[in-house]
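Trainee: Could you take me through this structure slowly, and show me how each kind of feature is read?

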Amino acid sequence: MTSSVSQPQSEKERPLGFQEHDHARCVDQALSAVEERCVEAGLRFTPVRRKVLELLLHEHRALGAYAILDLLRDAGFGSQPPVAYRALDFLLENGFVHKIERLNAFVACTHPGESHSPAFMICRLCDAVAEAHSTQAKSALGEAAQATGFQIERTSVEAEGVCPTCADKADT
């Protein structure tokens, strides 16, 4: 099974996890986009949901539910697992975060509110995660689904390797 990952066309489309960028602006723009989407859809973006998303946006790496719970506790939110899981369920259901199955962890979506098939590049050394678009329709999976009449609703591609920062450290 292969998948075609589209090449970045501009700086704006490049995966954020592996490039220098204005991180504060990145976080603010993503939070604003999610807040706007919640208002449009009539969704409740509660303080704990916002905080979980903010924590994931600040990290640009995958975090497990218990790591998120620890950070929530440090920020003065509840310390019971359902607090984190309910927030994560809401964020997942609405496309604001993704679950990285390989790591059993979560990462903020870099394209919140957009319908897309993400491809994740996961650094095996530092757990940084970059998100890019994959093109399922032109992939072998898309062709197989079409041939069988199956309608794909959601896909994601996960690739493990070494990010540019870790590769540069190894070269020195």
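Predicted model: local features only at pLDDT ≥ 70, side-chain atom pairs only at ≥ 80, totals over all residues.

Trainee: How much space lies in the second largest pocket?

Mentor: Rolling a probe the size of a water molecule over the atoms shows where empty space is left. A pocket, on a 1 Å grid over the protein atoms alone, is an open set of points where a 1.4 Å probe fits, with protein on both sides within 12 Å along at least five of seven lines, and lining residues have an atom within 4 Å of a point. Grid points are joined across faces, edges and corners, and a volume is the space filled by probe spheres set on the points. Here that space is about 540 Å³, and of the 21 lining residues the closest to the centre are His98, His116, Pro118, Arg154 and Thr155.

Trainee: Which residues of helix 3 are buried?

Mentor: An α-helix has 3.6 residues a turn, so residues three or four places apart point the same way. Helices are DSSP runs (H or I, at least four residues) and strands are runs of E (at least two), numbered from the N terminus; buried means under 20% relative accessible area, exposed over 50%, and partly exposed in between (1.4 Å probe, protein chains only). In helix 3 (residues 65-74), the buried residues are Ala65, Ile68, Leu69 and Leu72. Seen down the helix axis, they fall within an arc of 100°, so they line one face of helix 3, the arc being that of the directions from the axis to the C-beta atoms. On the other side, Tyr66 and Asp74 are exposed.

Trainee: Where is Asn104 placed, and what is its phi?

Mentor: Most residues other than glycine have a negative phi, and most peptide bonds are trans. Asn104, in the loop between strand 2 and strand 3, has a positive phi near 50°, and Asn104 is exposed, with a relative accessible area of 52%. Asp127, which is not a glycine either, has a positive phi of about 65°; Asp127 is found in the loop between strand 4 and strand 5 (129-135) and counts as partly exposed, at 31% relative accessibility.

Methods:
Residues numbered from 1 in each chain as written. Heavy atoms only, no water.
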